[in-house]
Every structure is written in structure tokens, then in C-alpha cells.
Amino acid sequence: MEAKCIDSDGKTSKVTVSDQIFGREYNEPLVHQIVVAYMANARTGTRAQKNRSSVAKSTHKLWRQKGTGRARVGAASNPLWRGGGRVFPSNSNENFAHKVNKKMYRSGICAILSRLVTEERLVLVDEFMVTTPKTKEFLEKLKAFNVSSALIITESIDDNLYLSSRNVPTVSVTDAAHLNPVSLLKYNKILMSRESVGKLEEMLK
């Protein structure tokens, strides 16, 4: 299939791109699965709860076993009591990882890219470079493409592009090798350089 590519002067040209990557049908269940898996795999076990042996409570038996008419109880750390330990506590070694096969992940990324092309949210640009690490120059470059909130995908990130874009909260810059489904769905526009298209076709074929 052919896609429209915009150069720095605003002129458009036709570029041939792979139907296998940019012309697929949208598979919503698959996209949902890879997004959930990506976010789950980013989690770390930072929460921890105490079981009854970890709670700082006295082990003294609160009352005698028989003769009081009350239920028997051994210690205040009993999980049934207020302030007692948890029966099945969370721990810092908890694993939130979801397994997704490589073929499924690649198919999900291709489905998202194809949907972005259909909705005209994906814009191919000849190149996206700044000569100096200045945010002002970066914003002027964005203004030329009539974009305010965008994900910029390049083949590789140079220092000038990274330094000039890091203070802009509505823009994120990534290279083709670190593309992820959450970023693709998060931004209104996706600016993809012509060189990164070839890199993606190699990775996702």
C-alpha cells in the first residue's frame, strides 16, 4: 500500500509501506491483551503486608481456654482480630507478569498501526531532526507539522532531539526498537520518520 509522507517544507509524496504492518484488520481483544500485559509487566512488587507472625503483638493468651463462655483465643495477632495479621498477605516478591507470545505481540502492534492509519492519526515524515538542543526550535518544528500532542518515532534518538523534547509534557520521543502499545494509543498524533518505517518492517515481519 501507499502512504503519504510530508517533508520539512510541507510537500507531500507517496511512500510504499507494507500491507502486513499498516493494512491489517483491527483486532480489539488482542490489542487489549497486549496493553494489559505491557502494563502488568511494568509493575514491581513494592507493597507488603504482615502475617500473624510478623505483627508486633503479645503472644500472651488473652483468657483461659475453658470456663469463660467466650470463644477460645490464643493471641491478639489472630487474623480475625482488629490489628491482627493477614491470612494471605501481599509480599514484595509478588509477580504480576503476563506472558504474551512474540507473534501475538507483533500482530497487536501491527493492528494498532493499521488502525492509526485508518483514523489518519499516523503521519509519515521525511525526517524529524533539530540542529541545536533548544526547546524553542523543537516546538517550531512541531508547529510546522500542525501538531501539539504527539509521539515521535525515529530510527534512533540523537542528543539534540532528546534534550530539546524532554521539557515538553505533551510530546514523547522514542526509537522504533522501543515502541510500545500504550504510547501508540496514548497520543493524538503519531509522527513516524521514513527511516523508522523500514526498521519497523524488519522487526514486525
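The largest nonpolar core has 29 residues, and F22, L113, I153, L184, I190 and M192 touch the most other members. A nonpolar core here is a set of buried Ala, Val, Leu, Ile, Met, Phe, Trp, Tyr and Cys residues joined through side-chain atoms within 4.5 Å. Buried means under 20% relative accessible area, exposed means over 50%, and partly exposed lies in between (1.4 Å probe, protein chains only). The model is predicted: local features need pLDDT of at least 70, side-chain atom pairs count only at pLDDT 80 or more, and totals for chains, interfaces and linings use all residues. Residues are numbered from 1 along each chain as its sequence is written, and side-chain values use heavy atoms, with hydrogens and water left out.

**Nonpolar cores**

- Helices (H or I, at least four residues) and strands (E, at least two) are DSSP runs, numbered from the N terminus.
- Helix α3 gives the largest share of this core, six residues.
- I190 is in contact with L116, R121, L122, V123, L151, I153, S183 and L184, leaving aside neighbours within four places in sequence. Contact means heavy atoms within 4.5 Å.
- A second, separate core holds 15 residues, including F138, L142, I152 and V173.

**A buried serine**

- S196 is found in helix α7 and counts as buried, at 0% relative accessibility.
- Not counting residues up to four places away in sequence, S196 touches I153, T154, E155 and A176.

**Surface patch**

- L62, L80 and W81 make a nonpolar surface patch of about 320 Å². Patches are made of residues with over 30% relative accessible area and no salt bridge; like charges are joined within 9 Å, and nonpolar side chains (Val, Leu, Ile, Met, Phe, Trp, Tyr) within 5 Å. Accessible areas come from the Shrake-Rupley method with a 1.4 Å probe, and for residues only the protein chains shown count as cover.
- W81 is found in the loop between α2 and α3 and is partly exposed, with a relative accessible area of 34%.

**Cysteines**

- The structure holds zero disulfides, a disulfide being a pair of cysteine sulfur atoms within 2.5 Å.
- C5 is in no disulfide, because the closest cysteine sulfur to that of C110 is in C5, 19 Å away and too far for a bond.
- C5 is buried at 2% relative accessible area, and C110 is buried at 0%.

**Salt bridges**

- A search of the whole structure finds four salt bridges. A salt bridge is a side-chain nitrogen of Lys or Arg within 4 Å of a carboxyl oxygen of Asp or Glu.
- E94 and R47 meet through their side chains in a salt bridge (3.4 Å, N to O). Both E94 and R47 lie in the loop between α2 and α3, 47 residues apart. E94 is partly exposed at 29% relative accessibility, and R47 is partly exposed at 42%.
- R194 and D126 form a salt bridge (3.9 Å, N to O). This pair links distant parts of the chain, with R194 in helix α7 and D126 in the loop between β3 and α4 (135-144), 68 residues apart. R194 is partly exposed at 41% relative accessible area, and D126 is partly exposed at 35%.
- E119 is partly exposed, at 38% relative accessibility.
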